[in-house]
Amino acid sequence: MILNRRKTLTALACASLAALVSVAPGMAQAADKALTIGFAQTGAESEWRTANTDSVKAAATAAGVTLKFSDAQQKQENQIKAIRSFIAQKVDVIILAPLVATGWDTVLLEAKKAKIPVLLESRSVEVKDPSTFATFVGSDFTEEGRRAGKWLIENSKAMTGDVNIVELQGTVGSDPAIERKKGFEEALKADPRFKIIRSQTGDFTRAKGKEVMEAFLKADGKKINVLYAHNDDMAIGAIQAIEEAGFKPGKDILVIGVDAVKGAFEAMIAGKMNVSVECSPLLGPQLMQAAKDVVGGKKLPRWIKTNEGVFPAEVAAKEFPNRKY
Ligand code: GZL
């Protein structure tokens, strides 16, 4: 995870500091007033993102929070504009789902100067001054990548010779894309049989995932043994391309996704996908609690991590009725 080492050190520092810091009485009242929160969302690029937006909106309603919502249509400049607008409106808290990991130093400093705490959700950032955001609410993407790699190691024992992998990366420069790639390669590096023969961004969308997979198949068709997609939406788009090219997804080409959205369960139940590594979008309640705490003067942990599992096709039918997104 980006800033992992820094986060760990900061978390330790915060933990000891938190033990000393009592909630300042004046601030405590602030925690009870109805909050106004500005939410700068990336857009609606995936099933995951839609579920994430729904979770935050529902939690805001339940908490009596006035939520000002901005959909950036996958453009960082729109998120920066939204943050500046939230500052001008003097919201109590800003929630940011940063499209990419860099380019946030200036605007986060402006929020800090305006004394408006920023909560990161769903992706983290790389900034010079980590005090410009109060916490990151989200997953360990590096671990998700490792889990995908470990699943492949466990489920390719019967394969002889090289295991040729094509990789659909998430949005270029985004925290999950960087870390899921890193974790996956880390898990596989001990065995030279595993070869990533092509790797390109599908921008976390079904349409782009299909388009790039078509190009992979045109170039390497029969050579491809495995698809590793940084999210299920790209995997689902790629499954269409695999079928249109005359191959059986889940059999001729193993399909590994991340998120564990409903679409992945449907594909696994249909025998077209082999596994999805869970990444929960249901961050709304944790974000509302963090907003209340930070306004109330509490020190937040640097990283509020979500706990997740791995769902192979064998359990998909049983698990599907329990899925919440
Ligand atoms: C993960 C989130 C990623 C999802 C994708 O926290 O940022 O963005 O894995 C989504 O589906 O587009």
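Q: A nonpolar core is a set of buried (under 20% relative accessible area, 1.4 Å probe, protein chains only) Ala, Val, Leu, Ile, Met, Phe, Trp, Tyr and Cys residues joined through side-chain atoms within 4.5 Å. Which residues of the largest one touch the most other members?
A: This is a predicted model: local features need pLDDT of at least 70, side-chain atom pairs count only at pLDDT 80 or more, and totals for chains, interfaces and linings use all residues. Residues are numbered from 1 along each chain as its sequence is written, and side-chain values use heavy atoms, without hydrogens and water. The largest core holds 91 residues. Its members touching the most others are Ile 94, Trp 104, Leu 119, Leu 152, Ile 165 and Met 213.

Q: Into which domains is the protein divided?
A: The bounds come from an automatic or database domain assignment. The division gives domain 1 (5-139 + 281-307) and domain 2 (141-279).

Q: How many Å separate the centres of domain 1 and domain 2?
A: The centres are taken over C-alpha atoms. Their separation is 31 Å.

Q: How many residues of domain 2 take part in the contact with domain 1?
A: Contact means heavy atoms within 4.5 Å. Domain 1 gives 13 residues. Domain 2 gives 19 residues.

Q: Which residue forms a salt bridge with Glu 47?
A: A salt bridge puts a side-chain nitrogen of Lys or Arg within 4 Å of a carboxyl oxygen of Asp or Glu. Domain 1 and domain 2 have one between them. For Glu 47, the closest N and O atoms are 3.0 Å apart, and the partner is Arg 206.

Key:
Buried means under 20% relative accessible area, exposed over 50%, partly exposed in between (1.4 Å probe, protein chains only).
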